[in-house]
Amino acid sequence: MNAALETHGLCKSFGALAVANDIEFRLEPGARHALIGPNGAGKTTFVNLVTGALAPSAGRILLDGDDITALPQAQRVKRGLARTFQINTLFRGLSVLENVCLAIGERMGVAGDIYRPAGSRRDVVDEAYAALERLGLAAEAQRLVRELSYGRQRLVELAVALGLKPKVLLLDEPAAGVPSSESGIIVDTIESLPADIALLIIEHDMDLVFRLARRITVLVQGAVLVEGTPQEIAADPRVREVYLGERAPA
Amino acid sequence: MSAAVSAFISIAFHGLAYAMVLYLVSVGLSVTMGLMGFINLAHGVFAAAGGYVMTRLINAYHVPFPLAVAAAFVVVGAGSVVLERLLYRRLYGADELSQVLMTVGLILMSVAIFKFFWGPLAQPMQPPAYLSGQLDLGFRSFPTYRSFLIVAGAALVTLLWLGLERTRFGARIRAAVDNRRMAQSVGIDTDRLFTLAFALGSGLAALGGALGAEILAIDPGYAQEHLIYFLIVVAVGGLGSIKGPFFAALLLGITDTAFKYKLPEFGAFFIYAMTLALLLWRPQGLFGRSS
Amino acid sequence: MSDALAGRATQAVEALLRRHRLRPWEALPWLAGAAAFFAFPDYLALGSQILINILFALSLDLILGYAGIVTLGHAAFFGVGAYTAGLLAAHGWSEPLSGLVVAGLVAGLVGLVSGAIILRTRGLTLLMLTLMIAVMLQEAANKAGSVTGGADGLQGMDVAPVLDLFRFDLYGRVAYLYCLALLFLGWLAARRIVHSPFGRSLTGIRENEARMHAIGSPVFRRRLTIYAIAAALAGIAGALLAQTTQFVALEVLSFERSGAVLIMLILGGVGRLYGAFIGVPLYMILQDRFAQADPVYWDFWIGLLLIIVVVFARGGVLGLGERIAQRLSGRG
């Protein structure tokens, strides 16, 4: 069976600076996989490369066995690859509903319609409401995004990505910037995502990582240091060294 | 000396003189745009102002040429600081359209102001006696003033490049152009740096305008008439680059002169087409950094 | 879906649709246009010019205000439309409506081709390329004097009566109504586009392109589409100028014209559909009163006004109006 997402020999340099070094990566269907590493390790760069926001210097990216390396971003989304952003990129002046409708409309291929007024498609709105309901956001559907707390906004960000009905979902620090009082709901939501979606989560919060992930990849300075189960990673001395900067006691 | 070689030398000579003027005026624009990302379409106004200051000093007050030129540099440089503090500063970080429109407004106002004080005609520019006439180099003679222009221009360019490479000020500018956030975080006062760089760029433009008054006549519409060429030099050279616009200016100056000699009808069109092609091939300019 | 949810969805759809319905005040421009016809019979030539420029500015608003593409060369399409209509009329094709359509199509095609080439770039590069296209066309028109009349302008146009009924008269009455009708059609098209999902996605592209890519929006294609449509509308405006004045000068392609329409739009307010309807008459009436008297003063004051608007009232007249309305309704 094909991996949901694979990269082979993925490299990216800006002049002399190599931000991605020969990354070999594999995401299984239905995976719960975390990508961790110190600041500047290249985690977001990796996501940008995979989604097509950044063009690689070398290497291949495969989605469900198909080579998507040359495909533009929007095409990859159409094939089932979606992401959220580390910092909210929602349209703050629009309502929660409209933000989600935009994504669903694109997915359904009706967002390019010039003739009918926006919002007239009942099917788009219905689906948006259903998605919001599942995330507990239905009550706030008509409110402007900027009126919501940051934690709720992160949930909307998630709703938008889910509206694209992805097969592979890349979450870039989903709980970043969210006060601990609100992060619980985000974690619960991620836990209850459909099992057939392959999930890759970038996170710094180790509790979250160990709670959600079944496999972890550690990225350091643009290269994969080690990959394994949470137990293996926790016990690995190299990982401790990278995070704590000291050798594990003998 | 054969006609072809003679024509070639003429084109190279006059093209080089033209390029010097274009570069001196445009280098400040490149730094401004690279440093602060500010699209200043009104940059040519500083060049025109330099020309007006110099010609007024010479024609009305009989100030000696070198002094008048130096005065142009100082006056316009200082004046630009006032303008920067009052106006430009408000629109750093503003969207492109705002910057374009504000500077268009400045051009319009400058046209009116120049016309009001100096009238609509081009300012007469008479080089001093010791720079007039022809310079006989044996195999050929060249117009003395343009020869001076090339030499003076080369000297200024060398001074500029050395200054930027060797001085701390230059290092700070290069750092800030490269990565403003990083520069700020290592303690470089980018605000003050920018005002100084702006003043230097405007002063250089004034020098270019003053020295080059014989090639690019000083009239109220100067900033608008030559805007496209200044922009071409900067865009093709590469924003923020100091050396890039020099080569772009050379390319533009020599090409334009060559066409004026051989095919005067098609010069402008060819240059625009060449710019189009170059920018499509390398959107960041010849020496710009691709993001 | 539960009944409660379905009910909320219905409400939402209604709320969304309500935004697109015609408001009563949207009839104002047309009432004003009709009133002007009767109130100012001696100024109909100026009136036609105003209507033409409103259409031109409206087309610019589509790409500038909605798609966020800053251009210094929009006059390229205006000029292409003008010369196309002019050349048709000068060479025997005197039926105006079909001439208008052809001019629009040609301008739209130029927009499509040039857009396909240059819209992959951004920032200063894109700005320069829009300028290059316009000046290249101007140079070409200048050099092809035998065809275009060069610096002397294109003359000798024979424009037949509109719909075979309405002959262009000396007082400019037919011309004015012709322009008003075409402006109305152009406005209908622009309004429809702006309120459609396509138009909303353009706003999204302008505000946060990264987000639009991330939801699978074909950004380049959308921008190219609106660019071509705006080019066609600008071309129709240019054709109107050619047909109503029966003269085409080189300045229709000029940087000055691109700059002027930009100023007119910013005065009224960008991205609000009606900015053109306010900014254009404001600019042109002021210009008509003051520029003739003393061009120097005109440059100075319009330059100053522009700077003041950009620094203090970026949204133009409509933006100011919005702010006042917000204060009044207490939402501030």
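Start at A:D172. Its bridge partner in β8(A) is A:I202. This is a predicted model, by the way. That bridge belongs to a pairing between strand β7, residues 168-172 of chain A, and β8(A). The two run parallel, over five bridges.

How do we get from one strand to the other?

β8(A) has another partner. Strand β3, residues 32-36 of chain A, is also parallel to β8(A), with four bridges. Look for A:H33 there: A:L200 in β8(A) stands opposite A:H33.

Now, how covered is β8(A)? The strand spans residues 198-202, and five of its five residues are buried. Take the two directions in turn. A:A198, A:L200 and A:I202 point one way. A:L199 and A:I201 point the other way.

On to the nonpolar core. The largest one has 276 residues. A:V100, B:V233 and C:L55 have the most contacts inside that core. Nonpolar side chains tend to be buried together in soluble globular proteins. What does A:V100 touch, leaving out residues up to four places away in sequence? The list is A:A128, A:A131, A:L132, A:A159, A:V160 and A:G163.

Next, the chains. Two pairs of chains are in contact, and chains A and C share the most contacts. Chain C brings 30 residues to that contact, and chain A brings 36. On the chain C side, α1(C) gives the most, with seven residues. By type, that side of chain C has 15 nonpolar, nine polar and six charged residues.

And chains A and B? No contact joins them. Their closest C-alpha atoms lie 9 Å apart.

Last stop, chain B. Count twelve helices and two strands. Along the sequence, the pattern is α-α-α-α-β-β-α-α-α-α-α-α-α-α. The radius of gyration of chain B is 19 Å, close to the 19 Å that the globule rule gives for 291 residues, so chain B is as compact as a globular protein of that length. The C-alpha trace of chain B spans about 60 × 45 × 35 Å along its principal axes. Of the 291 residues in chain B, 48% count as buried. One more number: among contacts in chain B with a separation of 6 or more, 76% come from residues 24 or more positions apart.

Key: Residues numbered from 1 in each chain as written. Chains lettered and ligands numbered in written order. Predicted model: local features only at pLDDT ≥ 70, side-chain atom pairs only at ≥ 80, totals over all residues. Buried ≥ 20, exposed ≤ 12 C-beta atoms within 10 Å, placed from the backbone. Pairing = 2+ DSSP bridges. Core = buried A, V, L, I, M, F, W, Y, C linked by C-beta atoms within 7 Å. Contact = placed C-beta atoms within 7 Å. Nonpolar A, V, L, I, M, F, W, Y, C, P; charged D, E, K, R; others polar. Rg over C-alpha atoms; globule rule 2.2 N^0.38 Å.
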